[in-house]
Amino acid sequence: MKKLRTRRQIALRRILAVMLCLLVLVGLSVLRKLPYLSPSSAIAAAEQDLACGPTEVLAQRQEGEATFLLSWNDQVLLANMVSPAFWRGHLLPGQPLYCADRTRDTQQGIAAAGFRFYNQDTRQGWGQWAGLVSGWPEAVSVRLTGPEAPEPMEAALQPTGEGDQYFWVHHPYTGEALCPSYTQITLLDEAGHALTTAPITNPEHFTIISPSQGVVAY
């Protein structure tokens, strides 16, 4: 009888040890993700990943459970997302949602980029585009166009507070496929006349998920 109790104790201890190991692993996993649930930490991680130096938060918006942040400096325009949504984990830690390189075309003074997301199970998604405009004081808005887009989108330019302007478009989408890609922006003056055009540098940047099938495409 004494031996039986000892065996039960050993088995119980083993079970407790396994449970403790599992708890430790879950705790470490949560701790690794916590920094990226903080807006400031997400931005700092993206800055480190791109080696672009510190950026200043330009704007913030809330879309459902997701918080989007736009930050900038003289090199880049960064868009980051902080969200408890499960698909956020498919982005590599420290990567921005998208980034516009301001050093690529300093002569024209325009940098724009975007990102598209689509959930195949819900048939819902969104597209987001942002850009910085320097040296065009007469510009008041931008028009986004693309060969796949059914119609143009327009957005007002907002002041950065340092002499430049920016735009930020978030477009919810419901349909049978990924929302159309916009590939070009046109600067417009107050009368609606075109001033110049510039490309969106990453028009094919997107993520498609299907949670029911475990599919992720980039």
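Visitor: In which loop does R123 lie?

Guide: R123 lies in the loop between β5 (110–119) and β6 (124–133); strands (E, at least two residues) are DSSP runs, as are helices (H or I, at least four), numbered from the N terminus. This is a predicted model, in which local features need pLDDT of at least 70, side-chain atom pairs count only at pLDDT 80 or more, and totals for chains, interfaces and linings use all residues. Residues are numbered from 1 along each chain as its sequence is written, and side-chain values use heavy atoms, with hydrogens and water left out.

Visitor: Why is R123 called partly exposed?

Guide: Buried means under 20% relative accessible area and exposed over 50%, with partly exposed in between (1.4 Å probe, protein chains only). R123 has 34% relative accessibility, and therefore counts as partly exposed. Its phi is positive, about 60 degrees, although R123 is not a glycine.

Visitor: What makes A51 exposed?

Guide: The relative accessible area of A51 is 64%, so A51 is exposed. A51 is found in the loop between α2 (39–50) and β1 (56–63), and its phi, near 55 degrees, is positive in a residue other than glycine.

Visitor: Why is strand β3 described as largely enclosed?

Guide: Seven of the seven residues of β3 (residues 76–82) are buried, so the strand is largely enclosed by the rest of the structure. V76, L78, N80 and V82 are buried on one side, and L77, A79 and M81 on the other.

Visitor: How do you know that β2 and β3 pair?

Guide: Two strands pair if DSSP finds at least two bridges between them. Six bridges join β2 (residues 66–72) to β3, and the two run antiparallel. F68 stands opposite M81 in β3.
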